Amino acid sequence: MLGGAGILLGVSAAPAQAAEVAYATECIPPAISGLPPVQGTTKVEITAPAEAKVGDEVEVVWKFVQAASKNPDILDLQANTVQPSGTLKAAGAQTADVAMQGPRENPAIPKGGDMKLSDMKGKLKLTAPGEVTLTPGAYNINVSKPISTDTKCAPEETVQKAATIKVTDGGGTSGGTTGGLPTVVPTLPTSVPTGLPTGSSSPSDPAPSESETGGDTGGTSTGGGDGGQTDFTGKEVQVPYKCKTPIGDKEATSPVQINAKKNGGSFDLTVQFKKSVMDSPADIPKDSVKPSMEVALGGADKGTVHVEGPTNSEAIKSGDPIEIPDLTGTYKPGASGESTLSPGVLTIEALGTTTTCTPAKSQVSLTLDTSEQASGASGGGSAGGSAGGSSTDGGLAATGAQGQGSLKALGLVAGTALLLGGAVFTFMPRRNVR
C-alpha cells in the first residue's frame, strides 16, 4: 500500500511556481495631462506551471505587487475604472509575446493613494521541448472615467526572468483553462507632447500692436437708436489670457471677435474664437465641455454681459478636431452714448471642474451707439429676460447658441486643455516629477 502511494505521488503534476521580480520603469502619462514622464519601480509576481509538455496551453498570472507610482494628487479614482494590460516575454526553447490583461476591478483609489491593479492573465501554447523563461515587459493602465485615458509604462533596464517552465516531449498536462483575454499592447511613445496646443499662441508671442489695445475703439456702429444699421461686426483682437486651472496657472493668447445685431433697444451678441486649431488629445464624451464669458462693457456703459455656448453635442475621438460653438447672449444698454465691448473673463466647465481665464488687458472689439434702456447694464437688475447686468447687481440671462464658431480647440486656450488633463489618471508620484 505504501509503495502504491509512493508511485501515485511520483506521477503527480508538478506544482505551479511563483516568483517576484522588480525593475525600474518609466511611465508616460496621457498627452492630455501635459505632465512629464515619471520613473518608479514595478514589482510583479509571475505564476506559471513548473513543468508541462509540448502541445499544452498553459495559463500564466501576472500579479502587481507594486505599481510604478501612486495616484497623483489630482483626482479620486472610482471603483472598477482601472484596467491593466501588458506583454510577457517568453524566451529559451521558444520565443513569444504573451498578451496579458486584467479585469476592470479596483477599489476606490484616493488622490495620493497606492495604485491597486487587478491580476493579469494570459495563455501560452508550448511548441518545443526545453526550458521556457517568462519575463515581464511593458504594460498599459487604462482609466475609463471621467474620460478614457492610457498611461504607458516600459522597463528602463534589463528585466530578470520571473519564471521558468520545463517543457517535455509528447502528451499534455494540466494547464490553466481560464485566462485573461489576449490584447495587443500599443507601441509605447518615447516622449510626451509639451507646451501649448498646436495653433495656440504662446506667452512668448509678440504683444498685440497698439491698434489691438484697449485704446482702440474696435468695430463701430453707425445706427445708434435711429433705426438705421442693425448688424455690427467687431474686429478680431488678440487676447492674452491668464488661466487658473485645477493643475496650475497657464498663459495663452487667443483671437476673439464680438459681433452684434440690433434687436429693438437691445443687441444680440455673438462672441467668436477664431483661427486657433487643436486636435483632441483624448476621447471626449458628449455634453462634457461648457464655455461661457462675461463680456466687459466700457465707454458710456458699465458692467458685464453674460454669453455662453452649448456643450459638445457629440463624442469626439482622440486626434479629431473639436469645434467650439459661438457664445451668445443679449446686451441691454444701461447708458446712452458710445459703449465699448471687450472680451472678458472666460470660464470653462468640464467633467466637474472649472478653469477661469482672465484677460491680461482690455481689448475693445466693438463700439456701439447705445440708448439707455430701463434696467439696463449700468442701471443694474434685469427686465424681460435680458442678459444685460452689472458685475455687482442685476440678473443675467443668456440666449441659446445660434450656430457653430470656427474655433477648433479643446479649451479655447491652453489652460482648458490642461483642465481635462487634471481630471484624468496619470502615474505621477510627487517625488519623481522632473
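Which residues have the most contacts inside the largest nonpolar core? They are Ile 46, Trp 62, Leu 88, Leu 124, Leu 134, Tyr 139 and Ile 165, in a core of 37 residues. This is a predicted model, in which local features need pLDDT of at least 70 and side-chain atom pairs count only at pLDDT 80 or more, while totals for chains, interfaces and linings use all residues. Residues are numbered from 1 along each chain as its sequence is written, and side-chain values use heavy atoms, with hydrogens and water left out.

**Overall chain**
- The protein chain holds 2 helices and 22 strands (DSSP runs numbered from the N terminus: helices are H or I with at least four residues, strands E with at least two).
- Of its 434 residues, 47% count as buried (under 20% relative accessible area, with a 1.4 Å probe and protein chains only).

**Nonpolar cores**
- A nonpolar core is a set of buried Ala, Val, Leu, Ile, Met, Phe, Trp, Tyr and Cys residues joined through side-chain atoms within 4.5 Å.
- A second, separate core of 30 residues includes Tyr 241, Val 295, Leu 366 and Ala 377.

**Thr 133**
- Thr 133 lies in strand β8 (residues 130–143).
- Thr 133 counts as buried because its relative accessibility is 17%.
- Beyond four places in sequence, the contacts of Thr 133 (heavy atoms within 4.5 Å) include Lys 89, Gly 92 and Lys 161.
- The C-alpha atoms of Thr 133 and Ala 93 are separated by 8.3 Å, and the two residues are 40 residues apart along the chain.

Methods: Buried means under 20% relative accessible area, exposed over 50%, partly exposed in between (1.4 Å probe, protein chains only).
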